[in-house]
Amino acid sequence: MKKSALALTIGLSLLFNSAYGDTYDATRAGGGYVFSNTFSGDTNFNDYISFSTDGLQQILASISGTGTTMNFQEFNLLDNNKNWLMAGTVFNTDDQISFGFAKSVQQGNYYLQIIGQSTGTNAGYAGTISLANAVPEPETAALLLAGLGVIALRRKTLV
């Protein structure tokens, strides 16, 4: 009797408050990626969008949502093992969120984690991930110039 009541309770909670959490591959498009997901009914979601970088790059992403209400709560960058790297800055305006990271990431595989809630029968989101080649830090340029100076001095003393 207790097992059937528990099964009924779990079934009803899944029916009336669906929770999605899955991993999706972003599709390569130009210099970045595109992704989307759709839901039916009221939904809590915790999705992982996989993508990769080609070298030292900055990541810029944006998402727009559809449905009666779309509330994005978190936007995180995770490494290949889904370990947290950086939190994105969430700007919720008119069912859209966007973020950017000040630091660049190395070449590799990453996940964009999206956590939120939606209501409505035809709810979902669509977004883009843009990758921009990183500009070297001033310290890196100074180190490069110092190294070239040392090489020039050494060549001059050897001649």
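The legends below describe close-up views of a predicted model.

In this predicted model, local features need pLDDT of at least 70 and side-chain atom pairs count only at pLDDT 80 or more, whereas totals for chains, interfaces and linings use all residues. Residues are numbered from 1 along each chain as its sequence is written, and side-chain values use heavy atoms, with hydrogens and water left out.

**View 1. The chain comprises 2 helices and 11 strands.** Helices (H or I, at least four residues) and strands (E, at least two) are DSSP runs, numbered from the N terminus. Along the sequence the pattern is α-β-β-β-β-β-β-β-β-β-β-β-α. Of the 159 residues, 32% are buried; buried means under 20% relative accessible area, exposed over 50%, and partly exposed in between (1.4 Å probe, protein chains only). Among contacts (heavy atoms within 4.5 Å) with a separation of 6 or more, 79% involve residues 24 or more positions apart.

**View 2. Strand E5 pairs with E2 and with E10.** Two strands pair if DSSP finds at least two bridges between them. The pairing of strand E2 (residues 23-25) with E5 is parallel, over 3 bridges, and Tyr 24 has Ile 49 of E5 as its bridge partner. E5 and E10 are antiparallel, over 11 bridges. In E5, 9 of the 11 residues are buried.

**View 3. Ser 118 of strand E10 is the bridge partner of Thr 43.** Ser 118 is buried, at 2% relative accessibility. Leaving aside neighbours within four places in sequence, Ser 118 is in contact with Phe 39, Gly 41, Asp 42, Thr 43, Phe 45, Thr 69, Met 70 and Ala 123.

**View 4. The largest nonpolar core has 23 residues.** A nonpolar core is a set of buried Ala, Val, Leu, Ile, Met, Phe, Trp, Tyr and Cys residues joined through side-chain atoms within 4.5 Å. The residues with the most contacts inside this core are Phe 35, Ile 49, Phe 51, Leu 112, Ile 114, Tyr 125 and Ile 129. At least two core residues come from each of strand E4 (32-39), E5, E6, strand E7 (69-78), strand E10 (108-119) and strand E11 (123-133). Not counting residues up to four places away in sequence, Phe 51 touches residues including Ala 26, Tyr 33, Ile 59, Leu 77, Leu 112, Ile 129 and Leu 131.

**View 5. Arg 28 and Asp 54 form a salt bridge.** A salt bridge is a side-chain nitrogen of Lys or Arg within 4 Å of a carboxyl oxygen of Asp or Glu. The N to O distance here is 2.9 Å, and a search of the whole structure finds 1 salt bridge. Arg 28 lies in strand E3 (residues 27-29) and Asp 54 in the loop between strand E5 (43-53) and strand E6 (57-66), so the pair ties together parts 26 residues apart in sequence. Arg 28 is partly exposed at 41% relative accessible area, as is Asp 54 at 49%.

**View 6. Gln 106 sits in the loop between strand E9 (96-100) and E10.** Gln 106 is exposed, at 53% relative accessibility. The C-alpha atoms of Gln 106 and Gly 55 are separated by 5.6 Å, although the two residues are 51 residues apart along the chain. Not counting residues up to four places away in sequence, Gln 106 touches Thr 53, Gly 55 and Leu 56.
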